[in-house]
Amino acid sequence: MSKSNDERAAHAVDVWSGENRCDPVAMFRHHPLVVPEEELTQAIESERFIIPRYDVFDVELPTLANWLEFNLPSSPISKETRDALLSDILYVAQQVDTINPTKWFRLRIFTERPTTRCGFHVDTVPPGAPTWGAIKVYNGTGTLWVSPKDVRSMDLFYRHLQRHENHRRLQLPDQGHSPCENLTEFCLPYATINHVEPGTTAFFKHINADRHGSDHPTDQAWIHSSPSDGPSRLVVNLSPGANPARYRPT
Ligand SMILES: [Fe+2]
């Protein structure tokens, strides 16, 4: 009998846990670019290397490679650095496929300064899709996250998320809100905020979209947040997609 996606992912987590920091919902692997990273970092943080927000749905790996070749800016970084970045993004996609085989990928990529708009949240994949994806931040401040053992319940978390969304929708004035301030709404008192180092890929569990908002166990989705300040960052988020012939994102 063939293994289910969950069984394959559990096996990958077992293999990885011997050599990597591991959590039931996330595991971390540091793999710097094979070229000096200063060139890329300086180009991003001086805002000369700019990638607008792209959200590329349901592409296969060869299409993803073509998309990157066509859309990654070719200046002001050298061809060597650009090629290294392209290869690195594809490597992350291949690792996602190793953890939970997926034919279809969704890529979100952008350079942007952090803002206070995005608080703690969980990422989703289409219903039935494999749930392990990845985020890599190449420079600046890394992603913030909380461990599932520190979360009181997902019901409390989603209520917190709804309050944050309402606040954002009403465009209430920014009162210096930062993710840290609301932690007690859904976390235990001793909870701490962890950081992913730039250059480290966080492979993490998404929640199937049809379960988002439900009171599911805390170890089924990675609660994380962008930082609220710092220089412009290059962020790459890769997750399993769905066959576009059977699923249309809305
Ligand atoms: Fe996210």
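Colleague: What percentage of the 250 residues of the chain count as buried?

Modeller: Keep in mind that this is a predicted model. Of the chain's 250 residues, 36% count as buried.

Colleague: How many helices and strands does the chain have?

Modeller: There are five helices and twelve strands.

Colleague: How do I read the contacts?

Modeller: Look at how far apart the partners sit in sequence. Take contacts between residues at least 6 apart in sequence. In this chain, 87% of them join residues at least 24 apart.

Colleague: Is A84 buried or exposed?

Modeller: Count the C-beta atoms around a residue. With 20 or more others within 10 Å, the residue is buried. A84 has 20 other C-beta atoms within 10 Å, so A84 is buried.

Colleague: Which residues is A84 in contact with, leaving aside neighbours within four places in sequence?

Modeller: Its contacts are L33, V34 and V35. P32 and A84 are 52 residues apart in sequence, yet their C-alpha atoms are 9.9 Å apart in space.

Colleague: Now a sheet. In what order do the three strands of the open sheet come?

Modeller: The order is β8-β7-β11, and the pairing is antiparallel. The edge strands are β8 (194-195) and β11 (223-225), and each of these pairs on one side only.

Colleague: How many bridges join β7 to β11?

Modeller: Three bridges join them, and β7 spans residues 144-146. For one example, find W145: its bridge partner in β11 is H224.

Colleague: What should I look for in the backbone angles?

Modeller: Start with the general rule. Most residues other than glycine have a negative phi, and most peptide bonds are trans. Then look for exceptions.

Colleague: Which peptide bond is cis, with omega near 5 degrees?

Modeller: The bond from S75 to P76 is cis. P76 sits in the loop between α3 (61-71) and α4.

Colleague: And phi? What is the value for E47, and for D58?

Modeller: Phi of E47 is near 60 degrees, a positive value in a residue other than glycine. Phi of D58 is also positive, near 50 degrees.

Colleague: Where do E47 and D58 lie?

Modeller: E47 is in the loop between α2 (38-45) and β3 (54-59). D58 lies in strand β3.

Colleague: Why is E47 exposed?

Modeller: The cut-off for exposed is 12 or fewer C-beta atoms. E47 is exposed because it has 12 others within 10 Å. D58 has 21 within 10 Å, so D58 is buried.

Note on methods:
Residues numbered from 1 in each chain as written. Predicted model: local features only at pLDDT ≥ 70, side-chain atom pairs only at ≥ 80, totals over all residues. Helix = DSSP H or I, 4+ residues; strand = E, 2+ residues; numbered from the N terminus. Contact = placed C-beta atoms within 7 Å. Pairing = 2+ DSSP bridges.
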